[in-house]
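Please open the structure in your viewer, with the sequence panel beside it, and follow the stops below in order. Each stop names what to select and then says what is there.

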Amino acid sequence: MKLGLEDRTVLITGAANGIGASTALAFAEEGARLGLVDRDEAGLAGVADAVRDLGAKVAVQVADLSTAAGVSSSLTELLGELGGPADVLVNNVGQGVVKTFDELTDEDFLRTFEINFLSAVRAIRAVLPGMREQGRGSIVTNSSDLARQPEAALLDYQVSKTALVGLTKSLALAEGPAIRVNAVAPGPVWTPLWTRPGGLADSMAKLHDREPREAVEYEMSRRQLPLGRMGEPHEVARVITFLASDAASFVTGSVWGVDGGTIRGMS
């Protein structure tokens with residue numbers, strides 16, 4: 001699929017694994033120049049090597065995206081290496097804690113909002129001046145199906161993702177027509193957010209008193225997924241590259257579900 005992204009400068013946060021890594025490879029296949037940032041140095045290096053193998057130019061920065069300094073300094077460095085400004089920004093960072101409302105502390109909520117919501121705010125703040133100056137740009141933010149169809153679990157995660165939908169809608173109004181701002185809303189996707197030790201699968205195991213995979217399958221059965229399975233990172237990456245490209249030139253302020261049919265409402 002050729003989307004006209006050749007030589008576009010694309011910044012991706014949270015690029016070391018999962019959806020971020022698949023998105024980096026998808027843009028590399030389209031011929032884009034990539035700036036990748038994550039706190040996982042080893043994972044980031046592996047993705048960068050894979051991008052180079054596809055013939056794409058890539059720059060990387062290891063940074064803590066839960067801090068203002070980490071976001072600002074890393075994106076500034078990437079734009080300098082790539083000869084910015086950015087044509088595309090993909091906000092792809094997420095974490096959450098599987099606890100009940102009574103168990104969640106103020107610190108839990110603040111930590112989740114720092115990484116899930118404020119990392120996106122700060123990254124957008126870093127790229128907007130250049131996009132405005134060149135008169136074009138595309139921002140795609142990774143939200144969640146839980147932002148539109150909440151569940152009892154993952155409360156801190158889903159309210160932060162709901163905030164990202166509001167941010168997307170507001171910025172689309174404020175920055176049009178030159179800059180398009182959209183979001184994807186993945187459903188359950190097999191990423192390290194689920195599979196890593198201490199990740200969502202392990203947390204679900206504690207919540208439902210089952211083995212990790214059994215607990216996840218139980219959770220999916222409660223959601224009655226029409227496609228009957230978890231998604232794969234590359235399935236989300238394909239939608240992100242489309243939204244970032246001129247093939248989606250009349251799409252802004254949209255939230256695209258990539259969710260296996262979890263959202264069954266009319267809107």
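Which residues does D108 touch, not counting residues up to four places away in sequence? Before selecting anything, please note that this is a predicted model, in which local features need pLDDT of at least 70 and side-chain atom pairs count only at pLDDT 80 or more, while totals for chains, interfaces and linings use all residues. Residues are numbered from 1 along each chain as its sequence is written, and side-chain values use heavy atoms, with hydrogens and water left out.

**First stop: D108**

Select D108, which has its place in helix α4, and then show K99, E103 and D156, the residues that D108 touches once those up to four places away in sequence are set aside; contact here means heavy atoms within 4.5 Å. D108 is buried, with a relative accessible area of 6%, where buried means under 20% relative accessible area, exposed over 50%, and partly exposed in between, using a 1.4 Å probe and protein chains only.

**Second stop: helices α3 and α4**

Helices (H or I, at least four residues) and strands (E, at least two) are DSSP runs, numbered from the N terminus, and axes are lines fitted to C-alpha atoms, for helices over the stretch in contact, with angles running from 0 to 180 degrees between N-to-C directions. On the α3 side the contact is made by A68, V71, L75 and L79, and on the α4 side by S119, R122, A123 and A126.

Now select the 7 strands, which form an open sheet in the order β3-β2-β1-β4-β5-β6-β7 with parallel pairing; two strands pair if DSSP finds at least two bridges between them. At the edges stand β3 (58–62) and β7 (255–258), each with a single partner strand, so one side of each is left without a neighbour in the sheet. From one strand to the next, the twist averages 15°.

Within the sheet, look at strand β1 (residues 9–13) beside strand β2 (residues 33–38), which pair in the parallel sense over 5 bridges. Two bridge partners to pick out in β2 are R33, the partner of T9, and L34, the partner of V10. Of the 6 residues of β2, 5 are buried, so this strand is largely enclosed by the rest of the structure.

Move on to β4 and β5, which run parallel and are joined by 4 bridges, with L89 standing opposite I139 in β5. When the side chains of β5 are shown, G137, I139 and T141 point one way and S138, V140 and N142 the other way, and all are buried. With 6 of its 6 residues buried, β5 is largely enclosed by the rest of the structure.

Select R180, which is found in strand β6 and counts as buried at 10% relative accessibility. Leaving aside neighbours within four places in sequence, the contacts of R180 include G137, S138 and I139, as well as L243 and A244.

Then bring in helix α5 (residues 155–175), which packs on the sheet and touches β5 (137–142), β6 (179–186) and β7, its direction making about 160° with that of β6. Helix α9 (residues 233–244) lies across β4 (88–91), β5, β6 and β7, and runs at about 165° to β6.

Select helix α7 (residues 200–208), where the buried residues are L200, A201, S203, M204, A205 and H208. The helix is followed by D209, whose phi is positive, near 55°.

**Last stop: the whole chain**

Finally, zoom out to the protein chain, whose secondary structure comes to 9 helices and 7 strands. Along its principal axes the C-alpha trace spans about 50 × 40 × 35 Å, and of the 267 residues, 54% count as buried. Among contacts between residues at least 6 apart in sequence, 72% join residues at least 24 apart.
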